[in-house]
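Thank you all for making the time this morning.

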Amino acid sequence: MRVLVTGADGQVGTELRLNVPEWVELIALNSRQLDITDLQAVEVCMAQYRPQLIINAAAYTAVDRAQTEQQQAHAVNASGPANLARSAETAGAALFHISTDYVFDGVSESPYDESALTSPQTVYGRTKLDGEQAVAELCTRHLILRTSWVFSAHGGNFVKTMLRLASERDVLRVVADQYGGPTSAKSIAACLWTLASEYRGKPDSFCWGLFHFSGAPISSWYGFAEHIVAVAAQEGLIEKRPLVEPIPSTDFPTPAPRPAFSALNCDKIRDFHAVELSDWREDLSAVFATLGRL
Ligand SMILES: NC(=O)c1ccc[n+]([C@@H]2O[C@H](COP(=O)([O-])OP(=O)(O)OC[C@H]3O[C@@H](n4cnc5c(N)ncnc54)[C@H](OP(=O)(O)O)[C@@H]3O)[C@@H](O)[C@H]2O)c1
């Protein structure tokens, strides 16, 4: 099966490349090789490679910067997916697209399922929701995978920020009143390859649409940070274990307000697809093992 991965140098794109199944003929293009905001470039690429499936791992993910770079965020997160969806439909290809828990406002007290009302509170969340809607409208065979709090050994993320700060400071002050599901990029890649395999095996009865996929169990950023420094100290990735101090989000104001509770209910993907949820604590140990080898 010929699969085109866009945004191939990002966290998820990298893990898709590193874990590609043998039955996949992979065309992995980074932002320099294919700018998804350029419709003509997308069309040329589709004509050249003729993929059966596109996995869009490209996105504008700088959540705070998006507040002042609205146009760029919209171009990558909404117009780009629209270009891919339109081209996929014309070419008879399928599209897997990745989205975010930040399409929700975070006032719920239980995990959001796929039918929950969206209400993004930030430019990033709004543009990602616009991207979802474009994909759903323009491409018949689409699957949108909402995920959350992505970490990996590659690229910038919360885990690597905590490791850096742990080597610089004795005390880390971390927000304790925002909850979500830390998710390893590797588990997202594994999920996407499982879905691709299912689609390859039963293209006519594959279940399309919107799905949630995130790591378990639910945690606060504080709980996540506590676990990161405890295991990192144990594994010798940091010399000393700093104190992690819980703080309210009012003590850590950001240009883009984060949802207080954005955990995703992932029952649907388990029911309709052969996808199991990943325990982020196990995935974190695997990331540390990779970082230890780098
Ligand atoms: N990171 C998270 O915590 C998080 C949480 C929930 C959902 N998600 C979603 O998960 C998906 C993957 O995120 P990630 O963490 O892997 O993101 P990432 O590491 O920031 O990677 C995104 C990639 O997209 C590329 N890109 C940006 N503009 C592009 C364009 N115009 N054309 C082609 N490629 C472009 C970037 O390349 P450059 O670096 O060259 O710009 C980067 O390599 C995204 O849809 C994101 O919204 C992420």
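Predicted model: local features only at pLDDT ≥ 70, side-chain atom pairs only at ≥ 80, totals over all residues.

Which residues does Ala185 touch, not counting residues up to four places away in sequence? Ala185 touches Gln11, Val12, Glu15, Val150, Phe151 and Ser152, with residues up to four places away in sequence left out of the list. Ala185 lies in helix 6, and its relative accessible area is 0%, so Ala185 is buried. For a sense of distance, Ala185 and Ala230 are separated by 45 residues in sequence and by 21 Å in space, taken from C-alpha to C-alpha.

That brings me to helix 1, residues 11-18, which is mostly covered, in that 6 of its 8 residues are buried. The buried residues in helix 1 are Gln11, Val12, Gly13, Thr14, Glu15 and Leu16. As for what they pack against, the partners of these buried residues are strand 1 (2-6), strand 3 (53-56), strand 4 (94-100), strand 6 (150-151) and helix 6 (185-201).

Let me turn next to a pair of helices. The axes of helix 5, residues 158-168, and helix 7, residues 221-234, come within 10 Å and cross at roughly 60°. Angles of 65 to 115 degrees would count as roughly perpendicular and angles under 35 as roughly parallel, and helix 5 and helix 7 are therefore oblique to each other. The crossing in which helix 5 passes helix 7 is right-handed. On the helix 5 side the contact is made by Phe158, Val159, Met162, Leu163 and Ala166, while helix 7 contributes Trp221, Phe224, Ala225, Ile228, Val229 and Ala232.

My last stop is a loop. His273 lies in the loop between helix 8 (267-272) and helix 9 (280-293). Is His273 buried or exposed? With a relative accessible area of 4%, His273 is buried. A polar atom of the His273 side chain lies 2.9 Å from the backbone oxygen of Cys207. Leaving out residues up to four places away in sequence, His273 touches Leu143, Leu195, Glu198, Phe206, Cys207, Phe211 and Lys268.

Technical notes
Residues numbered from 1 in each chain as written. Heavy atoms only, no water. Axes fitted to C-alpha atoms, helices over the stretch in contact; angles between N-to-C directions. Helix = DSSP H or I, 4+ residues; strand = E, 2+ residues; numbered from the N terminus. Parallel < 35°, antiparallel > 145°, perpendicular 65-115°, else oblique. Left-handed = near helix turned anticlockwise from the far one by under 90°. Contact = heavy atoms within 4.5 Å. Buried < 20%, exposed > 50% of the residue type's maximum accessible area, 1.4 Å probe, protein only. Polar contact = N/O pair within 3.5 Å; in protein donor to acceptor, adjacent residues only side chain to side chain.
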